[in-house]
Structure formats: structure tokens, C-alpha cells
Amino acid sequence: MQSAQRHGEAQTQRLALRLRDLASRVQAPDLLREGRLMRMVGMKLEAEGCDGAIGERCRVISGNTLVDTEIVGFADGRLVLMPEGDVSGLQLGARVQPLGERASVAVDEQLFGRVIDGAGKFLDGGPAPHCSHSVALRAKALNPLERRPIREPLDVGVRAINGFLTMGKGQRLGLFAGSGVGKSTLLGMMTRHTEADVIVVGLVGERGREVREFIEDILGPEGLARAIVVATPADYPPLMRVHGAWRATAIAEHFRDQGRDVLLLMDSLTRFAQAQREIGLAVGEPPVSKGYPPSVFSLLPNLVERAGNGPKGSITAVYTVLVEGDDHNDPIADAARAILDGHIVLSRQVADSGLFPAIDLEASVSRAMPGIADESQQELARALKELYSVYRQNRDLISIGAYEHGSDPKIDQALRAHEPLRQLVRQPQHQKVGMEQSVSDLLNMARQLTNTPPGN
């Protein structure tokens, strides 16, 4: 009898172990409670009866209308949502379905030559490919100690930048300009002429007309063939415009992690900040500087720090900064200068004189140049920029004829250098000037000025 009892206990133990093993293999599905849309003010939606974490996605269902949203806050037991698309057709009490996931980005080689929006939808009318990789929309920046130093120059095919403001692989540079001074055209030149392996272009908050003009006229078929364009025009909801910047950065990160050299061009960082301002103010953040809430100034470095050198590849990023009213002390311009590795200033005064690209050499600087350009090039660039500065400082005196040749040797030399300097900077948008040619042109100009007799 004891033997039978022991046998029964053994069977019970085996059965219990078997049940535990089966239970460990079966995962109960996460049951996400649906909620209801209770309030809408402007672009802000409030949902009650459901849960989710900041950054997770929800789908609002109202009849045949489906709107994807993102959780951006919560208050008084309600989730605060921002829509990705048009909210027309939503009604009070619409179903709010938490998706339990964060936004991701599908990416691989099939994206080359394509134009997508901030949600990953294709705007060029072509078929949607099935990408083999998926990355997080808002990934974390690299560990600072995993970043390789900036030691190699990047040839962007623009003589003034290659020679005077040499960019390095992994550098983050700001392109500061008012409206209508040629920043988009300069970006197009860099896209067509750069030696980078991959080009990712983010058009954030631009007018719809300008998106097509940039792709067809400025970028052209040659530039588009090795580029990926993420376009979120000004009429898109603010969350979509913010996602456009994140998506372009995530795509660039994917190719950098494969060991490639990526050129990321984003036009513009200001429109990204303005979109985040709309979101911040909608959820109740207080404005702290010219209407910008604190989240804008914390988000800018989060975006910029994702670019740069990785353990294998690199992302060299150029962010345009729109200085409204040509005010270079605008809060966004001031914040961008502090977190970027240099800035190129496009001057309206230079543009009005007929010079393109309208780069103000005196106000522009590349902080990475001392570590990537040899000493002779740096000395030439410094000397020529000094002459440019001397001419600018004495331009009024010269233009009214109040200056007499021979009064100041430095001004005489600046006078001789003025027109050759303009010719050195001037470059048609379809002409490419490589790094070696750019440095050679600097050297030739220095020799020309040395051999020119005084007073000529």
C-alpha cells in the first residue's frame, strides 16, 4: 500500500512539473483597455478609461475615421494625445485603442531614391517596398565614449566650405540664414557633390511647393538616386513634422551602424522647434523664451546628439536654422550655436551683392577644422578671412572714396584681395570643386596676392 501511495505521489509531482512547464511557455496576452475620447481643444485630444506610457501610440476610431496618435502627457486621470493626421470626423466618445507600442521606422536599401513622410508613407506614388529592417523612431544617443573623434575631412564639393570651413566626418554643422538667401540651393549642391555614401534629407515644415522644387530642380535625378527624402510640409500636424525629423535621423543611424558615411541634411531645425512649441503649448507647458516652452530646448540636443561618429560609420549633419528677421540672437539660433560643432552664416547683404553661395566668411566657423585640416591650409584660411574682415570693417570708408591708398598696408592688401576672394567663393550650383582643388585655389590666391604690386 505504501508503494502505491509513493507511486501516486510521484505521478502527482510529475504532473505538477509538467503543468508548470506548460504554463511557463504560455504567455497571457496583454489586455489593453479601450478608452473614450472625452475632450478636444485645438490639436490636443484627451482620452479617459485607458492607460499607456509617454511615447506610446493609440488609435482613435470614430465610425470609418481612424486617427493614429501619440501619448504626450496625462492629467486628472486622462491621457493627452497628439494626432499624426487629420482629425476631421472625430466625435465625442470615439473609441481610443492603446496599441502598446512605440513608433518604429522600416528601412533598408529600397528607400534610395524615394520620398516618404513623417509616418513612413510614400509620397512619390511608387509601390511601398517591404523593408527588412526596423529601428526605433526615437533611439538613444550613442555613449560618448563610443564616439570616434572627428579626424577625417568630408568633401562636400563646395569650394568655400572645403577651403575655409572644412567639415569632418561626424561633424554637426548649422547653416544659419534668413529667408531667400540660398540655403536650400546650397543644400542641393552638397547633396549632389558630396563624397558621402548615403544622403538623407529631412524637409521639415517647408511649403508644399518647395518640397517638389527641391526634389526636381535642386536635388535632381542624380542627387535623388542616392538620397532618401523625408518630407513633412508646413500643413502637416505638428506631431508629424516632429516625427519627420526623428525619422530622417533614425534612417541615417541605420546606415551609420552598417559602417557607412552618411550626410544628413535637415531643413530646418527651426521648423522642428516650432512644431514642438505647438505641442508643448497645447499640453499646457509655460512659454519661457519668445513663446518657446522648456521642452523645445531639451529636445534640440536630443535630436542633434544622435548624429556624429559611431564605432564604425559616421553621420555628418547639416541643420539649417532660419533666423527670422535676420536676427541671429533668436532663441533657437542661440541654442543651436551652443550644441553644434560650428556654423555657416549666409548673409543677405552678400546675397544682394550677387554672390552665391552667400557665405559670410567673417561670421562662419568650423570647430572641427583644426583637427582635420593641415596647418598650412589653416594659416591660409585664417589670413584670407582676416583680409575679408578688414575690408568689411572699412567698406564704408572705401565706398565713399575717403580712403587713400598707402595709408594702411593692411587695408591696401584687403582691397587687392576683395575681388579675388569673391571669385574664390563664387561657384555655380551645378559645378563641383573637390577638396584638393579647393586647397589649391586657396594657395594660388595667396601667391597672387603676394606677387601683386601695392596699390594695384
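Rings of Phe, Tyr and Trp (its six-membered ring) pair if their centres lie within 6.5 Å; planes under 30 degrees apart count as stacked, over 60 as edge-to-face and the rest as tilted. By that rule, a search of the whole structure finds 3 aromatic pairs. The model is predicted: local features need pLDDT of at least 70, side-chain atom pairs count only at pLDDT 80 or more, and totals for chains, interfaces and linings use all residues. Residues are numbered from 1 along each chain as its sequence is written, and side-chain values use heavy atoms, with hydrogens and water left out.

One of the pairs joins Phe112 and Phe255. It is tilted, at 5.3 Å centre to centre and 40° between the planes. Phe112 sits in the loop between strand E7 (104-107) and strand E8 (115-116), while Phe255 belongs to helix H5, 143 residues apart. Helices (H or I, at least four residues) and strands (E, at least two) are DSSP runs, numbered from the N terminus. Phe255 is buried, with a relative accessible area of 0%. Buried means under 20% relative accessible area, exposed over 50%, partly exposed in between (1.4 Å probe, protein chains only).

Another pair is Trp246 with Phe272. Their ring centres are 6.0 Å apart and their planes stand at 85°, so this pair is edge-to-face. Trp246 is in helix H5 and Phe272 in helix H6, 26 residues apart. Both are buried.

Next comes helix H7 (residues 294-304). Here Ser295, Val296, Leu299, Leu300, Leu303 and Val304 are buried. They cover an arc of only 150° around the axis, which puts them on the same side of H7. The arc is that of the directions from the helix axis to the C-beta atoms. These buried residues pack against several elements, including helix H5 (238-257), helix H6 (269-282) and strand E15 (314-322). Contact means heavy atoms within 4.5 Å.

Now turn to Leu384, in helix H11 (residues 375-393). Leu384 is buried, with a relative accessible area of 3%. Leaving aside neighbours within four places in sequence, Leu384 is in contact with Phe164, Leu421, Leu424, Leu442, Met445 and Leu449.

Leu384 also has a place in the largest nonpolar core, which has 61 residues. A nonpolar core is a set of buried Ala, Val, Leu, Ile, Met, Phe, Trp, Tyr and Cys residues joined through side-chain atoms within 4.5 Å. Ile161, Phe164, Met190 and Leu384 have the most contacts inside this core. Its largest share, 7 residues, comes from H11. A second, separate core of 47 residues includes Met82, Ala250, Met266 and Ala307.
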